[in-house]
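I opened the notebook to record what I looked up in this chain. The entries follow the order in which I checked things.

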Amino acid sequence: MLPQYERLVDGAASDTGPGGYAGSGTGGGVGSLRRSKFRVRFGRLAVATVMLPVAGFLFCVIWSLLYNFEQANATHCLVYNFLPSLSAAIGNYQPQRFVWQFSVLFHAPFRYAIAFLYKNHHLTLLSRKHRKEWAYLACILNIIELSSLVGLSLWTSSNNYEIHKICFSAFVICSIIYMYLVVLINRLTRTEELLTLAERKSLRYKRRLLLVNVASIMFAVYFFVRHNNHCEPGIYSLFALSEYVFVYSNIGFHMTAYWDFINAHVYFHWRTGIHFSAV
């Protein structure tokens, strides 16, 4: 169910962008948006945005296996491993580092805009429950999660381990709490029978991906501790595989925005900037 604040209104519209958060400017309204220089479905832009980290991370892993296998899989235990860790794959070698940083930095602005779009969406859902602070908390967690992703991508484990470790920890903690809070908001404010097919699909995938995400990080912790304590061959690669599942389940969770705003459009205009609309 798309929030009403997203809809275009007839007549002389307000100068501010929807929700007052993205691309507000002069000359807004129906006429301005209809005459926008560029208009694209939100879903198409969401898919293109998500494909950047998906493809970027896959490239980093494959390239590391092909050209940096020995170095990327080396650990202090000096035992055989067949998959590089997340940090080794994206940050220790070139061109992997450049590809990953490009994919993250290029998709980040749209992700920040979606965070504020979701804030207004959740405010609408929570308006009758008198728990609007949950919407603001979810937005803050989403922004910290994305900022931490940018941070751990720019400060890699090889050039600044302490900052990378802090950013990675913040990314994991904030992403899990955010995902759980979003599922809780939807569970609290929505009735299954009143949802559209797209909304049901979005909520179903959110729940499943949250479970996969939490399970993957628990497995990652287990394999990491086991590797450090026993130095068994292949265990660190299972830790790396758990990291991969964590990353892709996180991306998949954010991809459910495709169904949450399935009818939305994004308008680009050189004067008024970027606008989200439900029509």
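This is a predicted model: local features need pLDDT of at least 70, side-chain atom pairs count only at pLDDT 80 or more; totals for chains, interfaces and linings use all residues.

Entry, surface patch. L58, I62, L66 and Y67 make a nonpolar patch of about 440 Å². I then placed Y67, which lies in helix α2, residues 42-67. Is Y67 buried or exposed? I read a relative accessible area of 54% for Y67, and because the cut-off for exposed is over 50%, Y67 counts as exposed.

Entry, confidence. I checked how far the model can be read. The mean pLDDT of the chain is 86, and 85% of the residues reach 70 or more. Where is confidence lowest, and where highest? I found the lowest in helix α1 (residues 30-34), at a mean of 52, and the highest in helix α9 (residues 235-255), at 97. Over residues 1-28 the pLDDT is below 50. I noted that this stretch still has 72 contacts in the model beyond near neighbours in sequence.

Entry, overall make-up. I counted 10 helices and 3 strands in the chain. Read from the N terminus, the elements run α-β-α-α-α-α-α-α-α-α-α-β-β. Of the 279 residues, 50% are buried. For contacts with a separation of 6 or more, I found that 73% come from residues 24 or more positions apart. The accessible surface of the chain comes to about 14000 Å², and carbon and sulfur atoms hold 64% of that area.

Entry, strands. I looked up how strand β1 (residues 38-41) is paired. Strand β1 is joined to β2 by 4 bridges, and the two run antiparallel. One pair I wrote down is V40, whose bridge partner in β2 is V266.

Entry, salt bridges. Side chains of opposite charge can pair when their charged atoms come close. How many salt bridges are there? I count 5 salt bridges, and I followed up some of them.

One of them joins R111 and E145, with the closest N and O atoms 3.9 Å apart. The cut-off is 4 Å, so I kept this pair. I found both R111 and E145 buried.

Next I took K206 and D260, whose side chains meet in a salt bridge at 2.6 Å, N to O. What does this pair tie together? K206 is in helix α8 (residues 197-230) and D260 is in helix α10 (residues 257-260), so the pair ties together parts that are 54 residues apart in sequence. K206 has a relative accessible area of 3% and is therefore buried. D260, at 6% relative accessibility, also counts as buried, because the cut-off for buried is under 20%.

The last pair I checked is R226 with E232, a salt bridge whose closest N and O atoms are 2.5 Å apart. Are its ends buried or partly exposed? R226 has 27% relative accessibility and so counts as partly exposed. E232 is partly exposed as well, with a relative accessible area of 24%.

Definitions and conventions: Residues are numbered from 1 along each chain as its sequence is written. Side-chain values use heavy atoms; hydrogens and water are left out. Patches are made of residues with over 30% relative accessible area and no salt bridge: like charges are joined within 9 Å, nonpolar side chains (Val, Leu, Ile, Met, Phe, Trp, Tyr) within 5 Å. Accessible areas come from the Shrake-Rupley method with a 1.4 Å probe; for residues, only the protein chains shown count as cover. Buried means under 20% relative accessible area, exposed over 50%, partly exposed in between (1.4 Å probe, protein chains only). pLDDT is the predictor's confidence in each residue, from 0 to 100. Contact means heavy atoms within 4.5 Å. Two strands pair if DSSP finds at least two bridges between them.
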